[in-house]
Amino acid sequence: MSASAVFELACEVLEAESDLSRLEARGTIRLALKKAGLEAHAIDRDQMCVVTEKILPEELVARGIEPRAVLPTLVRRLRSLTGDTSKRVSPESIFRKLAGDA
Amino acid sequence: MSFLALLGPGLFSLTSLVIGSRLVMRRGEDRLPALLIGVAFLGGGGFGQPLVVLGHALERQGSVLAVPVQAIALVSLDIGATALWAFTWQVFRPTLSWARTLVVLAVLGLTISLIGQFASTRLFSLLDGSNPWFWLGFGVRASSAGWAAFESLRYGDMMRRRLSLGLSDPLTTHRFLLWGMSASAIVLFYVIAAVSLAVGGPEIATSGPVVALGSFLGIEAAASMWLAFFPPGFYRARFEPARRAGGTEQEPR
(Lines give C-alpha, C1' and ligand atoms only; values in the text may rest on other atoms or scores of the structure.)
Protein backbone atom coordinates (compact mmCIF):
# COMPACT_ATOMS: atom_id res chain seq x y z
CA MET A 1 0.00 0.00 0.00
CA SER A 2 1.44 3.39 -0.94
CA ALA A 3 1.90 6.01 1.75
CA SER A 4 0.20 9.39 1.56
CA ALA A 5 1.95 12.50 0.22
CA VAL A 6 1.81 13.97 3.73
CA PHE A 7 3.67 11.01 5.19
CA GLU A 8 6.29 11.15 2.44
CA LEU A 9 6.81 14.85 3.02
CA ALA A 10 7.22 14.40 6.78
CA CYS A 11 9.82 11.66 6.25
CA GLU A 12 11.66 13.75 3.68
CA VAL A 13 11.87 16.78 6.00
CA LEU A 14 12.90 14.72 9.02
CA GLU A 15 15.66 13.03 7.02
CA ALA A 16 16.91 16.38 5.66
CA GLU A 17 16.79 18.25 8.97
CA SER A 18 18.35 15.57 11.17
CA ASP A 19 21.13 13.02 10.98
CA LEU A 20 18.64 10.17 10.68
CA SER A 21 18.89 7.89 7.67
CA ARG A 22 15.92 7.55 5.31
CA LEU A 23 14.93 4.27 6.96
CA GLU A 24 15.26 5.71 10.47
CA ALA A 25 13.27 8.80 9.56
CA ARG A 26 10.44 6.71 8.10
CA GLY A 27 10.48 4.41 11.11
CA THR A 28 10.31 7.38 13.50
CA ILE A 29 7.32 8.89 11.72
CA ARG A 30 5.59 5.51 11.52
CA LEU A 31 6.05 4.96 15.27
CA ALA A 32 4.61 8.40 16.00
CA LEU A 33 1.64 7.65 13.76
CA LYS A 34 1.06 4.31 15.45
CA LYS A 35 1.01 5.97 18.87
CA ALA A 36 -1.55 8.44 17.54
CA GLY A 37 -3.74 5.70 16.04
CA LEU A 38 -3.11 6.80 12.46
CA GLU A 39 -1.90 5.06 9.32
CA ALA A 40 0.71 6.30 6.84
CA HIS A 41 -1.47 5.64 3.80
CA ALA A 42 -4.45 7.59 5.08
CA ILE A 43 -3.09 10.53 7.07
CA ASP A 44 -3.98 14.06 6.03
CA ARG A 45 -2.17 17.36 6.62
CA ASP A 46 -4.07 18.46 9.73
CA GLN A 47 -3.61 15.09 11.43
CA MET A 48 0.13 15.14 10.65
CA CYS A 49 0.40 18.64 12.14
CA VAL A 50 -1.14 17.40 15.39
CA VAL A 51 1.19 14.39 15.48
CA THR A 52 4.13 16.69 14.79
CA GLU A 53 3.23 18.93 17.71
CA LYS A 54 2.07 16.36 20.26
CA ILE A 55 3.83 13.04 19.59
CA LEU A 56 6.91 13.63 17.48
CA PRO A 57 8.89 15.76 20.00
CA GLU A 58 9.05 12.83 22.42
CA GLU A 59 10.14 10.48 19.63
CA LEU A 60 12.89 12.85 18.53
CA VAL A 61 14.21 13.35 22.06
CA ALA A 62 14.36 9.57 22.46
CA ARG A 63 16.67 9.52 19.42
CA GLY A 64 18.88 12.32 20.68
CA ILE A 65 17.48 14.92 18.30
CA GLU A 66 16.57 18.42 19.41
CA PRO A 67 12.91 18.88 18.38
CA ARG A 68 13.33 22.63 17.78
CA ALA A 69 15.88 21.84 15.08
CA VAL A 70 13.34 19.91 13.04
CA LEU A 71 9.75 20.69 13.94
CA PRO A 72 9.42 24.33 12.80
CA THR A 73 10.52 23.36 9.28
CA LEU A 74 8.29 20.33 9.28
CA VAL A 75 5.23 22.30 10.42
CA ARG A 76 5.92 25.05 7.88
CA ARG A 77 6.27 22.55 5.02
CA LEU A 78 3.12 20.71 6.09
CA ARG A 79 1.10 23.92 6.26
CA SER A 80 2.29 24.88 2.80
CA LEU A 81 0.55 21.81 1.41
CA THR A 82 -2.68 22.78 -0.32
CA GLY A 83 -5.71 20.91 -1.58
CA ASP A 84 -7.27 17.72 -0.27
CA THR A 85 -4.40 15.77 1.27
CA SER A 86 -6.46 12.76 2.35
CA LYS A 87 -6.34 9.88 -0.11
CA ARG A 88 -9.61 8.13 0.55
CA VAL A 89 -12.95 8.10 2.29
CA SER A 90 -12.21 7.10 5.88
CA PRO A 91 -14.01 4.37 7.84
CA GLU A 92 -15.10 6.98 10.40
CA SER A 93 -16.76 9.15 7.75
CA ILE A 94 -18.58 6.04 6.44
CA PHE A 95 -19.76 5.10 9.95
CA ARG A 96 -20.90 8.67 10.57
CA LYS A 97 -22.95 8.59 7.37
CA LEU A 98 -24.40 5.18 8.21
CA ALA A 99 -25.68 6.57 11.49
CA GLY A 100 -27.05 9.67 9.74
CA ASP A 101 -24.53 12.12 11.20
CA ALA A 102 -22.90 13.32 7.99
CA MET B 1 -37.34 -22.21 27.90
CA SER B 2 -39.14 -21.80 24.57
CA PHE B 3 -39.63 -18.08 25.30
CA LEU B 4 -35.94 -17.69 26.11
CA ALA B 5 -35.05 -19.65 23.01
CA LEU B 6 -37.00 -17.20 20.89
CA LEU B 7 -36.17 -13.96 22.73
CA GLY B 8 -32.55 -13.41 21.70
CA PRO B 9 -32.73 -14.74 18.14
CA GLY B 10 -36.13 -13.05 17.68
CA LEU B 11 -34.82 -9.70 18.82
CA PHE B 12 -31.75 -10.10 16.64
CA SER B 13 -33.87 -10.93 13.58
CA LEU B 14 -36.25 -8.05 14.19
CA THR B 15 -33.39 -5.58 14.66
CA SER B 16 -31.64 -6.90 11.53
CA LEU B 17 -34.85 -6.57 9.55
CA VAL B 18 -35.58 -2.99 10.66
CA ILE B 19 -32.01 -1.65 10.47
CA GLY B 20 -31.27 -3.56 7.26
CA SER B 21 -34.39 -2.19 5.53
CA ARG B 22 -33.61 1.38 6.59
CA LEU B 23 -30.02 1.13 5.37
CA VAL B 24 -30.96 -0.44 2.05
CA MET B 25 -33.53 2.28 1.39
CA ARG B 26 -31.13 5.08 2.21
CA ARG B 27 -30.57 7.55 -0.62
CA GLY B 28 -27.77 9.99 -1.36
CA GLU B 29 -24.13 9.90 -2.34
CA ASP B 30 -21.78 7.08 -1.45
CA ARG B 31 -24.58 4.68 -0.61
CA LEU B 32 -22.63 1.49 -1.38
CA PRO B 33 -21.56 0.84 2.26
CA ALA B 34 -25.16 1.37 3.46
CA LEU B 35 -26.45 -0.97 0.76
CA LEU B 36 -23.89 -3.67 1.57
CA ILE B 37 -24.38 -3.65 5.35
CA GLY B 38 -28.15 -3.40 4.86
CA VAL B 39 -28.17 -6.48 2.62
CA ALA B 40 -25.90 -8.25 5.13
CA PHE B 41 -28.41 -7.62 7.94
CA LEU B 42 -31.41 -8.58 5.83
CA GLY B 43 -29.82 -11.72 4.36
CA GLY B 44 -28.29 -12.92 7.65
CA GLY B 45 -30.39 -12.04 10.67
CA GLY B 46 -33.43 -10.61 8.88
CA PHE B 47 -34.42 -13.54 6.69
CA GLY B 48 -31.74 -16.25 6.81
CA GLN B 49 -31.78 -17.01 10.51
CA PRO B 50 -35.61 -17.15 10.94
CA LEU B 51 -35.86 -19.33 7.84
CA VAL B 52 -33.28 -21.72 9.27
CA VAL B 53 -35.39 -22.05 12.43
CA LEU B 54 -38.54 -22.49 10.35
CA GLY B 55 -36.79 -25.02 8.11
CA HIS B 56 -35.84 -27.11 11.14
CA ALA B 57 -39.34 -26.99 12.53
CA LEU B 58 -40.76 -28.12 9.20
CA GLU B 59 -38.14 -30.88 8.91
CA ARG B 60 -39.07 -32.23 12.36
CA GLN B 61 -42.71 -32.29 11.30
CA GLY B 62 -41.78 -34.11 8.09
CA SER B 63 -43.23 -31.34 5.97
CA VAL B 64 -42.55 -31.25 2.23
CA LEU B 65 -41.90 -27.53 2.62
CA ALA B 66 -38.79 -28.18 4.71
CA VAL B 67 -36.42 -28.55 1.77
CA PRO B 68 -37.50 -25.43 -0.16
CA VAL B 69 -37.53 -23.30 3.00
CA GLN B 70 -34.05 -24.49 3.97
CA ALA B 71 -32.85 -23.84 0.42
CA ILE B 72 -34.06 -20.24 0.59
CA ALA B 73 -32.49 -19.91 4.04
CA LEU B 74 -29.12 -21.05 2.73
CA VAL B 75 -29.20 -18.67 -0.23
CA SER B 76 -30.29 -15.82 2.02
CA LEU B 77 -27.51 -16.48 4.53
CA ASP B 78 -24.94 -16.65 1.73
CA ILE B 79 -26.11 -13.37 0.19
CA GLY B 80 -25.87 -11.76 3.62
CA ALA B 81 -22.38 -13.16 4.24
CA THR B 82 -21.18 -12.03 0.79
CA ALA B 83 -22.45 -8.51 1.49
CA LEU B 84 -20.70 -8.50 4.87
CA TRP B 85 -17.39 -9.61 3.32
CA ALA B 86 -17.74 -6.84 0.73
CA PHE B 87 -18.70 -4.23 3.35
CA THR B 88 -15.63 -4.92 5.48
CA TRP B 89 -13.40 -4.80 2.41
CA GLN B 90 -14.90 -1.56 1.10
CA VAL B 91 -14.88 0.23 4.46
CA PHE B 92 -11.60 -0.89 6.02
CA ARG B 93 -9.34 -2.20 3.23
CA PRO B 94 -10.61 -0.76 -0.06
CA THR B 95 -7.22 -0.43 -1.74
CA LEU B 96 -5.63 -3.71 -0.72
CA SER B 97 -5.41 -6.53 -3.25
CA TRP B 98 -5.25 -9.25 -0.57
CA ALA B 99 -8.57 -8.05 0.83
CA ARG B 100 -10.19 -8.19 -2.60
CA THR B 101 -8.77 -11.70 -3.09
CA LEU B 102 -10.16 -12.72 0.30
CA VAL B 103 -13.65 -11.58 -0.71
CA VAL B 104 -13.41 -13.44 -4.05
CA LEU B 105 -12.31 -16.62 -2.23
CA ALA B 106 -15.18 -16.25 0.24
CA VAL B 107 -17.74 -15.95 -2.56
CA LEU B 108 -16.16 -18.96 -4.25
CA GLY B 109 -16.34 -20.93 -1.00
CA LEU B 110 -19.99 -20.07 -0.45
CA THR B 111 -20.86 -20.99 -4.05
CA ILE B 112 -19.03 -24.32 -3.87
CA SER B 113 -20.67 -25.06 -0.53
CA LEU B 114 -24.11 -24.26 -1.90
CA ILE B 115 -23.59 -26.44 -4.99
CA GLY B 116 -22.19 -29.20 -2.79
CA GLN B 117 -25.19 -29.13 -0.50
CA PHE B 118 -27.59 -29.09 -3.45
CA ALA B 119 -25.79 -32.08 -4.94
CA SER B 120 -25.29 -34.06 -1.74
CA THR B 121 -27.46 -37.03 -0.99
CA ARG B 122 -28.82 -35.55 2.24
CA LEU B 123 -30.24 -32.47 0.64
CA PHE B 124 -30.17 -29.25 2.70
CA SER B 125 -29.16 -30.81 5.97
CA LEU B 126 -28.40 -27.48 7.52
CA LEU B 127 -27.42 -28.95 10.85
CA ASP B 128 -25.86 -32.09 9.47
CA GLY B 129 -22.34 -32.13 10.89
CA SER B 130 -21.39 -35.11 8.74
CA ASN B 131 -21.78 -33.09 5.55
CA PRO B 132 -18.47 -31.41 4.60
CA TRP B 133 -20.21 -28.96 2.27
CA PHE B 134 -22.21 -27.71 5.23
CA TRP B 135 -19.03 -26.93 7.16
CA LEU B 136 -17.47 -25.08 4.23
CA GLY B 137 -20.39 -22.65 4.00
CA PHE B 138 -20.67 -22.47 7.80
CA GLY B 139 -17.00 -21.53 8.11
CA VAL B 140 -17.14 -18.87 5.41
CA ARG B 141 -20.25 -17.31 6.95
CA ALA B 142 -18.71 -17.31 10.43
CA SER B 143 -15.51 -15.81 9.02
CA SER B 144 -17.43 -12.93 7.47
CA ALA B 145 -18.50 -11.87 10.97
CA GLY B 146 -15.02 -12.66 12.32
CA TRP B 147 -13.31 -10.34 9.85
CA ALA B 148 -15.89 -7.62 10.46
CA ALA B 149 -15.32 -7.88 14.23
CA PHE B 150 -11.54 -7.84 13.91
CA GLU B 151 -11.40 -4.82 11.59
CA SER B 152 -13.94 -2.83 13.57
CA LEU B 153 -12.30 -3.47 16.94
CA ARG B 154 -8.85 -2.75 15.47
CA TYR B 155 -10.05 0.52 13.99
CA GLY B 156 -11.91 1.40 17.19
CA ASP B 157 -8.65 0.96 19.11
CA MET B 158 -6.92 3.36 16.71
CA MET B 159 -9.76 5.85 17.10
CA ARG B 160 -9.43 5.67 20.91
CA ARG B 161 -5.78 6.64 20.63
CA ARG B 162 -6.79 9.60 18.44
CA LEU B 163 -9.27 10.76 21.09
CA SER B 164 -6.54 11.99 23.42
CA LEU B 165 -5.17 14.12 20.56
CA GLY B 166 -8.57 15.52 19.69
CA LEU B 167 -8.44 13.76 16.31
CA SER B 168 -11.58 11.69 16.65
CA ASP B 169 -15.15 12.03 17.75
CA PRO B 170 -16.16 10.03 20.87
CA LEU B 171 -19.52 8.91 19.48
CA THR B 172 -18.06 7.68 16.20
CA THR B 173 -15.22 6.01 18.08
CA HIS B 174 -17.73 4.15 20.20
CA ARG B 175 -19.60 2.98 17.08
CA PHE B 176 -16.63 0.88 16.02
CA LEU B 177 -16.60 -0.80 19.41
CA LEU B 178 -20.35 -1.45 19.20
CA TRP B 179 -20.21 -2.92 15.70
CA GLY B 180 -17.19 -4.98 16.74
CA MET B 181 -19.13 -6.30 19.75
CA SER B 182 -22.15 -7.11 17.62
CA ALA B 183 -20.06 -8.98 15.05
CA SER B 184 -18.16 -10.75 17.86
CA ALA B 185 -21.46 -11.96 19.33
CA ILE B 186 -22.39 -13.38 15.93
CA VAL B 187 -19.02 -15.18 15.76
CA LEU B 188 -19.56 -16.63 19.25
CA PHE B 189 -22.99 -17.80 18.17
CA TYR B 190 -21.38 -19.64 15.27
CA VAL B 191 -18.74 -21.14 17.59
CA ILE B 192 -21.39 -22.39 20.02
CA ALA B 193 -23.39 -23.86 17.15
CA ALA B 194 -20.28 -25.55 15.74
CA VAL B 195 -19.27 -27.05 19.09
CA SER B 196 -22.84 -28.18 19.77
CA LEU B 197 -23.05 -29.88 16.41
CA ALA B 198 -19.62 -31.45 16.66
CA VAL B 199 -20.27 -32.79 20.17
CA GLY B 200 -23.85 -33.85 20.17
CA GLY B 201 -25.88 -32.88 17.15
CA PRO B 202 -29.07 -30.84 17.05
CA GLU B 203 -30.18 -32.12 20.47
CA ILE B 204 -27.32 -30.25 22.13
CA ALA B 205 -28.09 -27.14 20.11
CA THR B 206 -31.54 -27.04 21.67
CA SER B 207 -30.39 -27.79 25.23
CA GLY B 208 -30.99 -25.25 28.03
CA PRO B 209 -27.53 -23.73 28.55
CA VAL B 210 -26.86 -23.47 24.82
CA VAL B 211 -30.22 -21.83 24.21
CA ALA B 212 -29.68 -19.37 27.09
CA LEU B 213 -26.22 -18.42 25.85
CA GLY B 214 -27.46 -18.12 22.28
CA SER B 215 -30.30 -15.91 23.45
CA PHE B 216 -27.95 -13.67 25.41
CA LEU B 217 -25.70 -13.31 22.36
CA GLY B 218 -28.71 -12.49 20.18
CA ILE B 219 -29.77 -9.71 22.56
CA GLU B 220 -26.23 -8.34 22.78
CA ALA B 221 -25.78 -8.38 18.99
CA ALA B 222 -29.12 -6.66 18.43
CA ALA B 223 -28.53 -3.94 21.05
CA SER B 224 -25.01 -3.17 19.82
CA MET B 225 -26.17 -3.08 16.19
CA TRP B 226 -29.00 -0.69 17.04
CA LEU B 227 -26.79 1.69 19.01
CA ALA B 228 -24.05 1.59 16.36
CA PHE B 229 -26.19 2.35 13.32
CA PHE B 230 -29.26 4.16 14.68
CA PRO B 231 -28.22 5.62 18.02
CA PRO B 232 -31.21 7.17 19.83
CA GLY B 233 -31.13 10.69 21.25
CA PHE B 234 -30.43 9.65 24.84
CA TYR B 235 -27.45 7.63 23.70
CA ARG B 236 -26.04 10.45 21.57
CA ALA B 237 -26.53 12.83 24.51
CA ARG B 238 -24.13 10.78 26.66
CA PHE B 239 -21.31 11.79 24.32
CA GLU B 240 -22.18 15.47 24.05
CA PRO B 241 -19.89 16.72 26.86
CA ALA B 242 -16.92 14.90 25.37
CA ARG B 243 -17.85 16.12 21.88
CA ARG B 244 -18.02 19.72 23.04
CA ALA B 245 -14.63 19.30 24.65
CA GLY B 246 -13.25 18.37 21.25
CA GLY B 247 -13.10 14.65 21.79
CA THR B 248 -10.50 14.93 24.50
CA GLU B 249 -12.56 13.49 27.35
CA GLN B 250 -12.93 9.86 28.18
CA GLU B 251 -15.82 7.93 26.67
CA PRO B 252 -18.73 7.30 29.00
CA ARG B 253 -18.80 3.79 30.41
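Here are some questions and answers on a predicted model with chains A and B. Residues are numbered from 1 along each chain as its sequence is written, and chains are lettered from A in the order in which they are written. In this predicted model, local features need pLDDT of at least 70 and side-chain atom pairs count only at pLDDT 80 or more, while totals for chains, interfaces and linings use all residues; side-chain values use heavy atoms, with hydrogens and water left out.

Q: Why is B:Ser16 called buried?
A: Buried means under 20% relative accessible area, exposed over 50%, and partly exposed in between (1.4 Å probe, protein chains only). B:Ser16 has 1% relative accessibility, so it counts as buried.

Q: What is B:Ser16 in contact with, leaving aside its neighbours within four places in sequence?
A: Contact means heavy atoms within 4.5 Å. On that rule B:Ser16 touches B:Ser21, B:Phe41, B:Leu42, B:Gly45, B:Gly46 and B:Met225.

Q: Why is B:Leu7 called partly exposed?
A: B:Leu7 comes out at 31% relative accessibility, so it lands in the partly exposed class. This leucine is found in helix α1 of chain B, and B:Ser16 is found in that helix too. Helices here are DSSP runs (H or I, at least four residues), numbered from the N terminus.

Q: What makes the nonpolar surface patch on chain B?
A: B:Phe3, B:Leu4, B:Leu7, B:Leu11 and B:Ile219 make it, at about 400 Å². Patch residues have over 30% relative accessible area and no salt bridge; nonpolar side chains (Val, Leu, Ile, Met, Phe, Trp, Tyr) are joined within 5 Å, like charges within 9 Å. Helix α1 (residues 2-24) of chain B gives the largest share, 4 residues.

Q: How do you know that B:Arg154 and A:Glu39 form a salt bridge?
A: The rule wants a side-chain nitrogen of Lys or Arg within 4 Å of a carboxyl oxygen of Asp or Glu. The side chains of B:Arg154 and A:Glu39 meet at 3.1 Å, N to O, so the pair passes. Across the interface of chain A and chain B, the rule finds 2 salt bridges.

Q: What is the area buried between chain A and chain B?
A: About 2,400 Å², with carbon and sulfur atoms giving 61%. Here, buried area is the accessible area (1.4 Å probe) that two parts lose on being put together, summed over both. In chain A, A:Glu92, A:Phe95 and A:Leu98 lose the most area to chain B, together 28% of what that side buries.

Notes:
Areas by Shrake-Rupley, 256 points an atom, 1.4 Å probe, with all protein chains shown as cover. Helix = DSSP H or I, 4+ residues; strand = E, 2+ residues; numbered from the N terminus.
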